[in-house]
Amino acid sequence: MQLEAVMAVADSTSVKLEEFKIPTYMLVHEAKVENVPEEPNFPVIVFINSKSGGQLGGNLLVTFRNLLNEKQVFDLGEEAPDKVLRRIYVNLEKLKISGDELAVKIRERLRLIVAGGDGTAAWLLGVVSDLKLSHSPPIATVPLGTGNNLPFSFGWGKKNPGTDNNSVKLFLGEVMKAKEMQIDSWHIIMRMKTPKEGSCDPIAPLELPHSLHAFHRCSEADELNVEGCHTFRGGFWNYFSMGMDAQVSYAFHSERKLHPEKFKNQLINQSTYAKLGCTQGWFCASLFHPASRNIAQLAKVKVMRKHGSWQELHIHHSIRSIICLNLPSFSGGLNPWGTPNSKKKRDRELTPPFVDDGLLEIVGFRDAWHGLVLLAPNGHGTRLAQAHRIRFEFHKGACDHTFMRIDGEPWKQPLPVDDDTVVVEISHLGQVNMLATHDCRSKSINDPKTTPSNHNDEEEDSNEEDTTEDPEEYRKFGAADTFKIPDEIDLSHLS
């Protein structure tokens, strides 16, 4: 361990901070132009959720500001990322027009760092997607949450990091060496008739977190809004889930909001999560979980592959949780899909999980005991299908509410008992750029080195239904206003 510590210090001293620093005049409008002795090859904008990870978020904020220009490090509790990026990109464009060549290079080389939980990372991903930038900056993620599925998928680890100078320098060194990797982004829309009484707005654990911006009611001016209906929209990159797993997550987040002093580190958080899984009945679901909330009794599920039509998906009546997965990490690093063997590939046309193939992996679980199979070699959940689009059509009066979750953020979703038109639909939106280390677990369908191995994993078959691509692509998540250059800037100069 002492040798590893010495090597880590040696590696951190080789990191030149000038490679990452951005001059103040490029970050602050009308600041005095300064001479830059050395051009940064890896300029970064850093976003930190100072409330994540107990005291870690605040400590990390201080360290990054001490090592870099404090103007390039932002506390998400004080300023939203869409406002920050819009301001910086407008300033860079003005400098470009004035002939500042370094501003052009900064924009082309820019990388983003986000420190927080999966919900915080998803918030930034949504903002970057919605800003419609000509070149989307790649994003590195610092794991400060409980599950940390996004950082883990791209090689950034799942344990909360160190916050001292050496640890941050080592992280910046990885940012410098990381490769760009595209991942699919997904749009989700829910529509129901305006209820005769009561509200059907999503109910977050005590208060709506910033990251749940991604699922909200559409305004009257929104093109997706339908008269006489409540329409909600959002987006995700890792997963959408519905059922008992989301219920346990909701209980955890509610408890954390009520008693934040009890959630000071990752180990305590994970232990509390496991206890809540027991108290919520996830381990004895057949006794404590109403059958009306099982997926098949709650909704009809339809899927569509890239070419074809909507097909109804058979869901076994015992399935209490359904997960639509984009990345190979769920619940703190577990892979519910696994790698189908050659027989499954041939008979059911299943493929390994790629993060940029325009397909979601749909997996079902009966209870927590079923979930424990993921801890075994080649373990996986019940593989239901792979799809380009997914549609949940809720049965009238089946239940007055359910629980849903996107990228680690759960909510309780009221359902009108007199409405047989409640629909949740997921569709492919586009792609965003991530930064991946050499330990990246995500696989690209375009990577020539990707040669998935065949594992002998057996599992009960579900009827997979093939599908098709819809020509209508939803344009944005609602995380930020689409980026537009202000009127005072001459558009003729834009590349």
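**Helix 3 against helix 8.** I began with helix 3 (residues 56-67) and helix 8 (residues 165-177), whose axes come within 10 Å and cross at roughly 70 degrees. I note here that the model I am reading is a predicted one. On the helix 3 side I listed Leu60, Thr63, Phe64 and Leu67 as making the contact, and on the helix 8 side Asn165, Val168, Lys169, Phe171 and Leu172. Sorted by class, the residues in this contact of helix 3 with helix 8 come out as six nonpolar, two polar and one charged.

**Leu61.** While still on helix 3 I looked up Leu61, which has its place in that helix. Is Leu61 buried or exposed? I recorded a relative accessibility of 9% for Leu61, and it counts as buried because the cut-off for that class is under 20%. Leaving aside residues up to four places away in sequence, I found Leu61 touching Ile48, Ser50, Val73, Phe74 and Asp75. I also checked Leu61 against Thr163, which lies 102 residues away along the chain, and their C-alpha atoms are separated by 8.7 Å.

**Helix 4 against helix 5.** Next I turned to helix 4 and to helix 5 (residues 101-109), which pack with their axes 7 Å apart at an angle of about 140 degrees. That angle makes helix 4 oblique to helix 5, and I noted their crossing as left-handed. Which residues meet here, in helix 4 and in helix 5? From helix 4 I wrote down Tyr89, Leu92, Glu93, Leu95 and Lys96, which meet Ala103, Val104, Ile106 and Arg107 in helix 5. By class, I have six nonpolar, no polar and three charged residues for this contact of helix 4 with helix 5.

**Arg109.** Apart from residues up to four places away in sequence, Arg109 touches Glu39, Pro40, Asn41 and Pro43. I then looked up Arg109 and His135, which are 26 residues apart along the chain, and found a separation of 9.7 Å between their C-alpha atoms.

**Helix 4 against helix 6.** I went back to helix 4 (residues 81-97) for its packing on helix 6 (residues 118-130), where the axes come within 9 Å and cross at roughly 40 degrees. Helix 4 and helix 6 are therefore oblique to each other, and helix 4 passes helix 6 in a right-handed crossing. For the contact I listed Pro81, Asp82 and Leu85 of helix 4, together with Trp123, Leu124, Val127 and Val128 of helix 6. The residues of this contact of helix 4 with helix 6 divide into six nonpolar, no polar and one charged.

**Backbone angles.** I then looked at phi, keeping in mind that most residues other than glycine have a negative value. Glu30 is not a glycine, yet I recorded a positive phi of about 65 degrees for it. I placed Glu30 in the loop between helix 2 (24-27) and strand 1 (44-48), and at 71% relative accessibility Glu30 counts as exposed. Lys132, which is not a glycine either, has a positive phi of about 55 degrees. I found Lys132 in the loop between helix 6 and strand 4 (139-143), and with a relative accessible area of 45% Lys132 is partly exposed.

**Cysteines.** How many disulfides does a search of the whole structure find? I got zero disulfides from that search. I also looked up Cys229, which is buried with a relative accessible area of 19%, and Cys324, which is buried with a relative accessible area of 0%.

**Whole protein.** I finished with the overall counts, which give 14 helices and 17 strands in the protein. Of the 495 residues in the protein, I noted that buried residues make up 56%. Among the contacts in the protein with a separation of 6 or more, I recorded that 79% are accounted for by residues 24 or more positions apart.

Terms used. Residues are numbered from 1 along each chain as its sequence is written. This is a predicted model: local features need pLDDT of at least 70, side-chain atom pairs count only at pLDDT 80 or more; totals for chains, interfaces and linings use all residues. Side-chain values use heavy atoms; hydrogens and water are left out. Axes are lines fitted to C-alpha atoms, for helices over the stretch in contact, and angles run from 0 to 180 degrees between N-to-C directions. Helices (H or I, at least four residues) and strands (E, at least two) are DSSP runs, numbered from the N terminus. Angles under 35 degrees count as roughly parallel, over 145 as roughly antiparallel, 65 to 115 as roughly perpendicular and the rest as oblique. A crossing is left-handed if the near helix is turned anticlockwise from the far one by less than a right angle, and right-handed if clockwise. Contact means heavy atoms within 4.5 Å. Ala, Val, Leu, Ile, Met, Phe, Trp, Tyr, Cys and Pro count as nonpolar, Asp, Glu, Lys and Arg as charged, and the others, Gly among them, as polar. Buried means under 20% relative accessible area, exposed over 50%, partly exposed in between (1.4 Å probe, protein chains only). A disulfide is a pair of cysteine sulfur atoms within 2.5 Å.
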